[in-house]
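Work through the exercises below with the coordinates open, and try each task before reading its solution.

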Amino acid sequence: YPVGYKDVFDNPTPKALAKRIESESGEANVQAQSVEQNAGEEVLKDNVSRMVDGISAARPLGRTLLVGGTGFLGSHILKELVSCGIETIVLCRGNEEIDARTRLSAMMAYYFDAPLDENDNARITVVDGDITSVDLLEKLEGERIDTVINSAACVKHFAKDDVIERINVGGVENLIKVAKAHSARLIQISTLSVAGENIDGKFPPTFRLKENQLFVGQDISNKYVNSKFKAERAVLDAIKDGLDAKCIRVGNLMGRQSDGEFQINSITNSFIKSLKSYKALGYFPVSSCDTTCDFSPVDEVAKAVVILSGTESRYTLFHAANSHEVQMGDVIEAMNRYGFDIKIVSDDVFNQKLSEMMNDEKRKMFVSSLLTYSTGDHHVRSFIKTDNEFSIKALYRLGYKWPITDDEYLIRVIEALDSLEFFTREDI
């Protein structure tokens, strides 16, 4: 039956799934939510290359509220903020077993091998709270806040309840209220995934979503992508109503440039899961060798976020992704140089080997990630890429350049993952 992983979440009963299978077309999966194409996008008009000469680090961040400080990117943004001497309030949830400050300290110790020193701790105020809480404004009422950076998100692409939208949309709407109440600037960390999907060749292969665009007719039916899209829309609408705010879309977050250290919950990263699948299968299709991807080291992304957060108000959206893309063939070669054995084969051989492993009850879990995003609706789908030209030039103007992704860096990332037994563990 033509059933995709997403179909099970969208049709969570046998009756609903049967109805989905029996339908002659998958139009329900193809239709993106109805959005007025140009709604709110007038506030994006200056995010183009011809305007980049006017960009500067014009606004100090001041006392900054960081949301999502225990996450992979959030931890590195916090490290960057305190390294720059910026006084930071971290919104963090505690529980009965561990209080909020201890939880934050433990996460920082994990990523940076040592707790924050006394000077860093003196710059950090921890507020126990949740961005979805109705009393968030009240919790922050006594704090001076000049800038809000939101790196909190539910990164699941599928869920049976409303948790994705509650955090990724409702939480942002809450922070918009906080920013307005404190006359603060809001920085919303978004994702290049809002570029969505190209269905049945609606866009030419050369099409790229730019920094002055949000909705261009792309498919955004994926729950995670849809939630991040709605969050951007809410921020843009708030800018139109007078809020000082920016969206920063991040790319493929990878291990640190310095040592390859990767996120503690690496299994939630779909790209890394696919590398695990190729390693387990031992084969890679030759047709995908020239497929490009960006490796955006999380520490470098954190630097870019802090730099871009201080630019003039008229610049409202940036793409914080490494400008030096690599081909998948290079990634597979780096994995082989590290010590793995992945053969590059024809598509027919690859599909045969994949089918064989999927029929092996004991081993199919290792390659299931390669099938996760299939939809079963018979439509030809491809992810839409982005044009980062404006943001790359802006960062150069601000004195920052992305590091080149070379073989040594790729091997550092693979080694860091292997040290966590990521490629061999059967429970993730």
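**Exercise 1: confidence**

Solution. Where pLDDT is low, the predicted coordinates should not be read in detail. For the protein chain, the mean pLDDT is 89, and 90% of residues reach 70 or more. The model is predicted, so local features need pLDDT of at least 70 and side-chain atom pairs 80 or more, while totals for chains, interfaces and linings use all residues. Residues are numbered from 1 along each chain as its sequence is written, and side-chain values use heavy atoms, without hydrogens and water.

**Exercise 2: helix crossing**

Solution. First, the axes of α12 (residues 328-338) and α15 (residues 407-419) come within 9 Å and cross at roughly 60°, where axes are lines fitted to C-alpha atoms over the stretch in contact and angles run from 0 to 180 degrees between N-to-C directions. Next, α12 is therefore oblique to α15, since angles under 35 degrees count as roughly parallel, over 145 as roughly antiparallel, 65 to 115 as roughly perpendicular and the rest as oblique. Finally, the contact includes Val331 and Met335 of α12 together with Leu410 and Ile414 of α15.

Note on methods: pLDDT is the predictor's confidence in each residue, from 0 to 100. Helices (H or I, at least four residues) and strands (E, at least two) are DSSP runs, numbered from the N terminus. Contact means heavy atoms within 4.5 Å.
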